[in-house]
Amino acid sequence: MSTEQEPTPQDELSQALPPEQPEVDDHAAALDELQDRWRRALADLDNLRKRHAKELDAIRNEERARTAAAWLPVVDNLDLALTHAGADPSAVVEGVKAVRDQAVDVLRRLGYPRYEETGVPFDPAVHEVVGTVDGPGAEPNTVVQVVRPGYGEGSRQLRPAAVMVSKRQE
């Protein structure tokens, strides 16, 4: 008889499985913690997006209301001009001119000043050529006439001024 005992199924199982390793548990715990932090970060990002969308919508509505309020006096004065349309025609014309000046001032206060200068060099950034003319006294490529004024300046331009430009003299 041999002194060695035959291995039992319990012994075989314990040899087949690696012994419990504490570092595997540490890694699993760290992985769980990182996954939890990742989910929280995603939730925070989603909440931030929602809050930003609400704030942007509120700012847009405030600006829209501010712009509309700036135009109310213009509309009121147009209503007054229409009320007095049967009166003296020259008074109505003067009233309409005053309302136009008021509207131009509203645009200026909103950051879009009117420009309709003549005698300045043509600039494609602020001018749109609608025609050319022979200007014997004008320098070539100079704005001779403004057909439609422009509004804005720099990168905040609503529209360019439509202008007539003097031809190059040949």
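This is a predicted model: local features need pLDDT of at least 70, side-chain atom pairs count only at pLDDT 80 or more; totals for chains, interfaces and linings use all residues.
Q: Where is Thr142 found, and which residues does Thr142 touch?
A: Thr142 is in the loop between β2 and β3. Leaving out residues up to four places away in sequence, Thr142 touches Gly119, Val120, Pro121, Phe122, Met164, Val165 and Ser166. To count as a contact, heavy atoms have to be within 4.5 Å.

Q: What makes β2 and β3 stand at the edges of their sheet?
A: That open sheet has 3 strands in the order β2-β6-β3, and its pairing is mixed. β2 (127-133) and β3 (143-148) each have a single partner strand, so each has one side left without a neighbour in the sheet. From one strand to the next, the twist averages 30 degrees.

Q: How do you know that β3 and β6 pair?
A: Pairing takes at least two bridges between the strands. β3 and β6 (residues 161-166) have 4 bridges, in the antiparallel sense, so they pass. Val146, for one, has Val163 in β6 as its bridge partner.

Q: What makes β4 and β5 a pair?
A: Again, at least two bridges are needed, and 3 join β4 (residues 150-153) to β5, with the strands running antiparallel. Glu153 has Arg156 of β5 as its bridge partner. The order in this open sheet of 3 strands is β1-β4-β5, with β1 (114-115) and β5 (156-159) as the edge strands, each pairing on one side only.

Methods
Residues are numbered from 1 along each chain as its sequence is written. Side-chain values use heavy atoms; hydrogens and water are left out. Helices (H or I, at least four residues) and strands (E, at least two) are DSSP runs, numbered from the N terminus. Axes are lines fitted to C-alpha atoms, for helices over the stretch in contact, and angles run from 0 to 180 degrees between N-to-C directions.
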